[in-house]
Amino acid sequence: IPTRVFASIQPVSGREFTGNEKTDKRQTPGTRGREIQVTGTAEVCYPADRASVRVSVGNSKESVNEVTNSVSRRLDYILQCLRQHGVKDEDTSVRRFLQREADVYLMDAEVVVTFSDFEKMETVCSILLEKLDKSVCVGAPRFYHSAECLGRLRRRACVSAVENAQQKANDASQLLGQTLGPPQLITEEETRESKNEDEEDRGRGQATASISHLPFIPTITAVSRVSVSFSLRDGSRKKL
């Protein structure tokens, strides 16, 4: 994994040197302030914050109008139920499929709903199964992490690693009788993420006739390792 610089604080310099100029004595290595360099790691785990459920209805009739009216009535009930429970239109997508076999017209309709409230999802699915019975098919929920959730997870892992590095450096500087100064350089040296896929596959099932309880909700674990350099000040000095 390539190294990424999270933050860098450089000494303030009035100008850049080309190599043919004399270096300011204040910036020579011999007079550079003392530093302590430490590493910090952190591991953060977040559960999935979204779930997608597929609800489908279908029928067959001898005419297009009959099959359309039959499926549309149940489809309207599904959409009405979703609105009554606060599901936004942008979280719902509807598709209809019409085909003909011999003298019979077949129509299938499916509604894909995205939930962020899993208890609401369980309630809605139970109502649909109870009211529409065998005429509706409610698929098992597919849990996933939204982009916003993954962003928070990665930031939290990195910030926690920096906090751990700072605490380590502070403890070490106190042991040496020094005072920890501001950070000079923070580098994120490693990041990795792991998903409990085995558990997720076990919790993901086929279309079911009932949802008695929520299945296993997958999680993602993010690990971050950082290297931080802090300046050190003599702890014995006292301000005048």
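## Overall layout

Starting at the N terminus, the elements of the protein follow the order β-β-β-α-β-β-α-β-β-α-β-α-β. That makes four helices and nine strands, where helices (H or I, at least four residues) and strands (E, at least two) are DSSP runs, numbered from the N terminus. This is a predicted model, in which local features need pLDDT of at least 70, side-chain atom pairs count only at pLDDT 80 or more, and totals for chains, interfaces and linings use all residues. Residues are numbered from 1 along each chain as its sequence is written, and side-chain values use heavy atoms, with hydrogens and water left out.

Of the 240 residues of the protein, 33% count as buried; buried means under 20% relative accessible area, exposed over 50%, and partly exposed in between (1.4 Å probe, protein chains only). Contact means heavy atoms within 4.5 Å. Among contacts between residues at least 6 apart in sequence, 82% join residues at least 24 apart.

## Helices H1 and H2

Let's turn to a helix pair. The axes of H1 (residues 64–84) and H2 come within 10 Å and cross at roughly 150 degrees. Here, axes are lines fitted to C-alpha atoms, for helices over the stretch in contact, and angles run from 0 to 180 degrees between N-to-C directions. H1 and H2 are therefore roughly antiparallel to each other, given that angles under 35 degrees count as roughly parallel, over 145 as roughly antiparallel, 65 to 115 as roughly perpendicular and the rest as oblique. The crossing of H1 and H2 is right-handed; a crossing is given that name if the near helix is turned clockwise from the far one by less than a right angle, and left-handed if anticlockwise.

On the H1 side, the residues in contact are Arg 74, Tyr 77, Ile 78, Cys 81 and Leu 82, and they meet Val 124, Ile 127, Leu 128, Lys 131 and Leu 132 in H2. By class, this contact of H1 with H2 has eight nonpolar, no polar and two charged residues. In this scheme, Ala, Val, Leu, Ile, Met, Phe, Trp, Tyr, Cys and Pro count as nonpolar, Asp, Glu, Lys and Arg as charged, and the others, Gly among them, as polar.

## An aromatic pair

The structure holds one aromatic pair. Phe 118 and Phe 143 form this pair edge-to-face, with 5.0 Å centre to centre and 80 degrees between the planes. Rings of Phe, Tyr and Trp (its six-membered ring) pair if their centres lie within 6.5 Å; planes under 30 degrees apart count as stacked, over 60 as edge-to-face and the rest as tilted.

The pair links distant parts of the chain, with Phe 118 in helix H2 (residues 118–132) and Phe 143 in strand E7 (residues 142–144), 25 residues apart. Both Phe 118 and Phe 143 are buried.

## Two residues in helices

Leu 153 has its place in helix H3 (residues 147–175) and is buried, with a relative accessible area of 1%. Beyond its neighbours within four places in sequence, Leu 153 is in contact with Val 44, Cys 45, Tyr 46, Ile 220 and Ala 222.

Lys 120 lies in helix H2 and is partly exposed, at a relative accessible area of 27%. Not counting residues up to four places away in sequence, Lys 120 touches His 85, Gly 86, Val 87 and Phe 115.

## Positive phi in loops

Most residues other than glycine have a negative phi. Ala 102 has a positive phi of about 60 degrees although it is not a glycine, and Ala 102 lies in the loop between strand E4 (92–101) and strand E5 (104–115).
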